[in-house]
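Let us walk through the inside of this protein.

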Amino acid sequence: MKKIFLLAVLAGGLAFGQSKKVVASDVHWWGYKVAKSEASSHDGTVKVKSGDMIMKGNNLVGGSFVLDMTSISSTDLSGEYQQKLNGHLKNGDFFEVEKFPTASFKITSVKKNSDKIYNSLVTGNLTVKGKTSPITFPAKIAYSKGVVSLVSDKFSFDRQKFDVAYKSTMQDVFVKDDIEMIVKVTAK
């Protein structure tokens, strides 16, 4: 009887996959004014609060990540200008971190991609400010010795789908709707 139970547990683990906890991450973002250029952009980071990646054999099949939106910070500025932009990003003009301290991403599928470097297409549901929308991005996924890494190519998503709208009299005339990101996570 014990052998049957052990076999059932092992089979269940294989069927549902093995969960790996995120141990390192680097999430970088870029936002642009309407005239998209390096001179009219800001960039920065946001921390991953927690996450896991689900492996089935050597393949990533699922996972989820929680972003700590209170950690959003610009890296292209310093001093007073950085403090002002960080406050602007965190208040009601953009991410409202007091009301929505986290954002999340839940992987719904991982498919092969024809790109030699970014070998996978990761699709999932991004939730920001309580609003959810699907996004897909190319990623390089590697699995070795119990450690899985995911490195995305630069991808973009439309901030308006998440009500991340600049609340000013000029509304969104000055800020492009697309936010670009590169995501790197490692789990074991």
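Strands here are DSSP runs of E of at least two residues, numbered from the N terminus. The model is a predicted one. It holds one cavity of 30 Å³ or more. About 190 Å³ of space lies in this largest cavity. Its lining is made of 16 residues. Closest to the centre are Phe65, Leu67, Phe105, Phe155 and Val183.

Which strands supply at least two residues each of this lining? They are S3, S4, S5 (120–128), S6 (131–144), S8 (155–158) and S9. S4 gives the largest share, with three residues. Rolling a probe the size of a water molecule over the atoms is what shows where empty space is left.

Now look at the aromatic rings. The structure holds four aromatic pairs. A pair of rings is described by the distance of the centres and the angle of the planes. Take Phe65 and Phe105. Their ring centres are 6.5 Å apart and their planes stand at 10°, so this pair is stacked. The cut-off matters here: planes under 30 degrees apart count as stacked. Phe65 lies in strand S3 (residues 59–74) and Phe105 in strand S4 (residues 102–112), so the pair ties together parts 40 residues apart in sequence. Are these two residues buried or exposed? Phe65 is buried, and Phe105 is buried too.

Phe157 and Phe162 make another pair. Their centres lie 5.7 Å apart with the planes at 85°, so the arrangement is edge-to-face. Phe157 and Phe162 are both buried.

Some rings gather into a group. Phe65, Phe105, Phe137 and Phe155 form one aromatic cluster. Among them, Phe65, Phe105 and Phe155 were named above for the cavity lining.

The charged end of Lys154 sits over the ring of Trp30, 3.8 Å from the ring centre.

In soluble globular proteins, nonpolar side chains tend to be buried together. The largest nonpolar core in this model has 39 residues. Phe95 and Leu150 have the most contacts inside it. Strand S9 (residues 175–187) gives the most to this core, with six residues.

What does Leu150 touch, leaving out residues up to four places away in sequence? Its contacts are Met53, Leu60, Val122, Phe137, Ala139, Lys140, Ile141, Val183, Lys184 and Val185.

How values were computed. Residues numbered from 1 in each chain as written. Predicted model: local features only at pLDDT ≥ 70, side-chain atom pairs only at ≥ 80, totals over all residues. Heavy atoms only, no water. Core = buried A, V, L, I, M, F, W, Y, C linked by side-chain atoms within 4.5 Å. Buried < 20%, exposed > 50% of the residue type's maximum accessible area, 1.4 Å probe, protein only. Helix = DSSP H or I, 4+ residues; strand = E, 2+ residues; numbered from the N terminus. Contact = heavy atoms within 4.5 Å. Phe/Tyr/Trp six-rings, centres within 6.5 Å; stacked < 30°, edge-to-face > 60°. Lys NZ or Arg CZ within 6 Å of the ring centre and 35° of its normal. 1 Å grid on protein atoms, 1.4 Å probe; cavity = no way out; pocket = protein on both sides within 12 Å on 5 of 7 lines; lining within 4 Å. Points joined across faces, edges and corners; volume = space filled by probe spheres on them.
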